[in-house]
Amino acid sequence: MSLDGKVALVTGGSRGIGRAIALALARDGANVAVNYRERADAAEEVAAAIRQLGRQAVGVQADVRSLDAVKAMFDRAKQELGGVHILVNNAGLTRDNYLAFMSEAEWDEVVDTSLKGAFLCTKVASRLMTRAKWGRIINISSDAALLGDMQRANYCSAKAGMLGLTRATARELAPYGVTANAIAPGIIETELTKGLPEAKRTAMLGLIPLQRFGQAADVAALAAFLASEAAGYVTGQVLCVDGGLNL
């Protein structure tokens, strides 16, 4: 699954799942542009870790909700690394509230970051990839898109929208050798889950057939596969990494 000679752009790549994916792609040979919105220090730490693996890396600041910022991000990736062959749309955030009390701002910020951001990045990437007759687009959705979640109508809607975007992208770009797939992570071990009361953790674990929370590396391993030549005949799919939560 060598990615030698490929360049990956990972949005929201400075922490969590994005960080794990950026490192996994680098281990398989890709040079990586690590996108961030605010945490330049965290993005540079990821870039430094990638360089230690013998690959090229650059931290690229951009708010993916802005087309101008997205275009500038791709231009920087081209200047520094030579282009973008693999796009991972991972940027996202949460603004939890009950539906009846959710503000327009809470809705817009979440939907615009995850869904509009993925659209804008895919829009720009598609022109590069169709000209090159090769490309990989990987959208990081969520089990919440399939199951729903309390106080997260904005997040569930954004992540569900990414599934439709994935399928539409797969159909449009397939003639050009470009694949598009979505990963739907379940409950992944993060700072949030580590801080949960023991009773809450136990209840959540009871919902998962494999009886453990996932790790960011579990998601990253699938992303690395989807980015590779080995996954060249896989497109338009939604793949859950959730320990069986969605069974």
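Arg-19 and Glu-45 form a salt bridge in this predicted model, with their closest N and O atoms 3.1 Å apart. A salt bridge here is a side-chain nitrogen of Lys or Arg within 4 Å of a carboxyl oxygen of Asp or Glu. The pair links distant parts of the chain. Arg-19 sits in helix α1 (residues 16-27) and Glu-45 in helix α2 (residues 40-52), 26 residues apart. Helices (H or I, at least four residues) and strands (E, at least two) are DSSP runs, numbered from the N terminus. Arg-19 is partly exposed, at 28% relative accessible area. Glu-45 is also partly exposed, at 40%. Buried means under 20% relative accessible area, exposed over 50%, and partly exposed in between (1.4 Å probe, protein chains only).

Residues are numbered from 1 along each chain as its sequence is written. Local features of this predicted model need pLDDT of at least 70, and side-chain atom pairs count only at pLDDT 80 or more, while totals for chains, interfaces and linings use all residues; side-chain values use heavy atoms, without hydrogens and water.

The structure holds 13 salt bridges. Among them, Glu-80 pairs with Arg-76, the closest N and O atoms being 3.4 Å apart. Both residues lie in helix α3, four residues apart, about one turn of the helix. Another joins Arg-136 to Glu-229 at 3.9 Å between the closest N and O atoms. Arg-136 lies in strand β5 (residues 135-140) and Glu-229 in the loop between α9 (216-227) and β7 (238-241), so the pair ties together parts 93 residues apart in sequence. Arg-136 is buried, at 2% relative accessibility. Glu-229 is exposed, at 52%. Salt bridges that share partners also join Arg-37, Arg-95 and Glu-109 into one network.

The structure holds one cavity of 30 Å³ or more. On a 1 Å grid over the protein atoms alone, a cavity is a set of points where a 1.4 Å probe fits but cannot get out, and lining residues have an atom within 4 Å of a point. Grid points are joined across faces, edges and corners, and a volume is the space filled by probe spheres set on the points. The largest cavity has about 30 Å³ of space. Its lining includes Thr-11, Val-64, Asn-89 and Met-162. Helix α4 gives the largest share of this lining, five residues. The lining divides into five nonpolar, six polar and no charged residues. Ala, Val, Leu, Ile, Met, Phe, Trp, Tyr, Cys and Pro count as nonpolar, Asp, Glu, Lys and Arg as charged, and the others, Gly among them, as polar.

Methods
1 Å grid on protein atoms, 1.4 Å probe; cavity = no way out; pocket = protein on both sides within 12 Å on 5 of 7 lines; lining within 4 Å.
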